[in-house]
Amino acid sequence: MTHSGLNSASVGDDAGQPLSMEDVGRRTWLGDSHLLGIPRTTGFYFLDADRPAVIETSAAAVSERVIGSLRAHGVDSVAFIVVTHIHLDHAGGAGLLAQEFPEAVVVVHEEGVRHLIDPSRLQASAARVFGEEEMLAHWGRLAPVPPDRILVAADGDCLDLGDRTLEVIYSPGHAKHHIALHDSETDGVFVGDSAGIYLSDFDYQTPSAPPPDLDPELAIASLDRLLERDPEIAYFTHFGPGLPAAELITEAQDQYRRWSEVALRAFQEDGELASVARALAERADPERRELPGGIQEQLDRFTPHETAASGFIHHFERLGISPLSDGSTPPFKP
Ligand SMILES: [Zn+2]
């Protein structure tokens, strides 16, 4: 097997090592992309079916591992490559996976289509945030998806896998191009980032609240729509299946409310990103400090409180909220 599209100069030494996929029940497998060298934090799923599906691709930098893991699992054909949204840790590898499985269509919400066809803007904005070198090392070089390979997913659409179906649930809030998928076979919902990050190994959950799209009220409303399906299992991209789904989705809603309140108060006190990040760490997310040291460090690298602080501040500013200097009543109730 060759991976002709991969830029081997951009990936770390072990970035290509395939990892065995974990059987999470009912013809569903979880893969670990080991993104940023962090184990069991960023995943992708393989759904066995007449027309098999891969949900999430992880980043381009680890595509060799993702592809190798699927091949080692015996996957020789994929009908659907589904991305819940176009953030690089979910869809960065879509172009390379599409090259590897030329029979597959890539399923994405319409708000994300143009970025998959022409990833140059995504690539450039990542380079602005991380710097060119680090961006290539950690996230990789994106390959475009040919327009005729894209299947635009809208709310209520059903992907027919033959002996199981995936129903698309539009779920903005974390990102405007976010979809979740309800699976008929497992009565599970693939939540992407809509219900945050849940490390099942540690029963630890935290919102994923980056700029520029973050809208906590919209995210809470989207989660209500997932709860309407009364799913049994929530399949988190970060990382693994969680039970019972309703409890984890409700907790995600509570966390959005709590984090919004803490962020708003800190923002109104002095408007500084560092203050908001510190408030989130101390008052909204004390559970993180109870995790084993190495896990805390990995989380602080993977999802730093500064990113969430920036997401909330961006949201407050969009609502016209500014830091208070006179102690007057906040104009916004999260
Ligand atoms: Zn995301």
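Strand β9 (residues 165-170) and strand β10 (residues 179-183) pair in the antiparallel sense, with five bridges between them. Strands here are DSSP runs of E of at least two residues, helices are runs of H or I of at least four residues, and both are numbered from the N terminus. Two strands count as paired if DSSP finds at least two bridges between them. Within this pair, Leu166 has Asp183 of β10 as its bridge partner.

This is a predicted model, in which local features need pLDDT of at least 70 and side-chain atom pairs count only at pLDDT 80 or more, while totals for chains, interfaces and linings use all residues. Residues are numbered from 1 along each chain as its sequence is written.

**The six-stranded sheet**

β9 and β10 belong to an open sheet of six strands in the order β8-β9-β10-β11-β14-β15, and the pairing is mixed. The edges are formed by β8 (158-160) and β15 (240-242); each has a single partner strand, so one side of each is left without a neighbour in the sheet. From one strand to the next, the twist averages 25 degrees. Axes are lines fitted to C-alpha atoms, for helices over the stretch in contact, and angles run from 0 to 180 degrees between N-to-C directions.

β14 runs parallel to β11, to which it is joined by four bridges; Gly188 has Ile233 of β14 as its bridge partner. β14 runs antiparallel to β15, with three bridges joining them, and here Tyr235 has Pro241 of β15 as its bridge partner. β14 and β15 form a hairpin with three residues between them.

Is β14 covered on one face or on both? Both faces are covered: Ile233 and Tyr235 on one side are buried, as are Ala234 and Phe236 on the other. A residue is buried if 20 or more other C-beta atoms lie within 10 Å of its own, exposed if 12 or fewer do, and partly exposed in between, with C-beta atoms placed from the backbone.

**Helix α8 and its contacts**

Helix α8 (residues 245-270) lies across β11 (188-192), β14 (233-236) and β15, and runs at about 55 degrees to β14. The axes of α8 and helix α11 (residues 305-318) come within 10 Å and cross at roughly 75 degrees. The two helices are therefore roughly perpendicular to each other; angles under 35 degrees count as roughly parallel, over 145 as roughly antiparallel, 65 to 115 as roughly perpendicular and the rest as oblique. On the α8 side the contact is made by Trp259, Ser260, Ala263, Leu264 and Phe267, and on the α11 side by Ala308, Ala309, Phe312, Ile313 and Phe316. Residues are in contact if their C-beta atoms, placed from the backbone, lie within 7 Å. By class, this contact has nine nonpolar residues, one polar and no charged ones. Ala, Val, Leu, Ile, Met, Phe, Trp, Tyr, Cys and Pro count as nonpolar, Asp, Glu, Lys and Arg as charged, and the others, Gly among them, as polar.

**Backbone details in the loops**

Most residues other than glycine have a negative phi, and most peptide bonds are trans.

| Site | Feature | Value | Loop |
|---|---|---|---|
| His238 and Phe239 | cis peptide bond | omega about -10 degrees | Phe239: between β14 and β15 |
| Leu243 to Pro244 | cis peptide bond | omega near -15 degrees | Pro244: between β15 and α8 |
| Asp187 | positive phi | about 50 degrees | between β10 and β11 |

Asp187 has 14 C-beta neighbours inside 10 Å and so counts as partly exposed. Asp230 has 10 inside 10 Å and therefore counts as exposed.

**The seven-stranded sheet**

Another open sheet has seven strands in the order β1-β2-β3-β4-β5-β6-β7, with mixed pairing. β1 (22-23) and β7 (150-153) are the edge strands, each pairing on one side only. β1 and strand β2 (residues 28-32) run antiparallel and are joined by two bridges. Asp23 stands opposite Trp29 in β2.

**The chain as a whole**

The protein chain has 11 helices and 15 strands. Of its 334 residues, 51% count as buried. Its C-alpha atoms fill a box of roughly 65 × 45 × 40 Å along the principal axes.

Key: Two residues are in contact if their C-beta atoms, placed from the backbone, lie within 7 Å.
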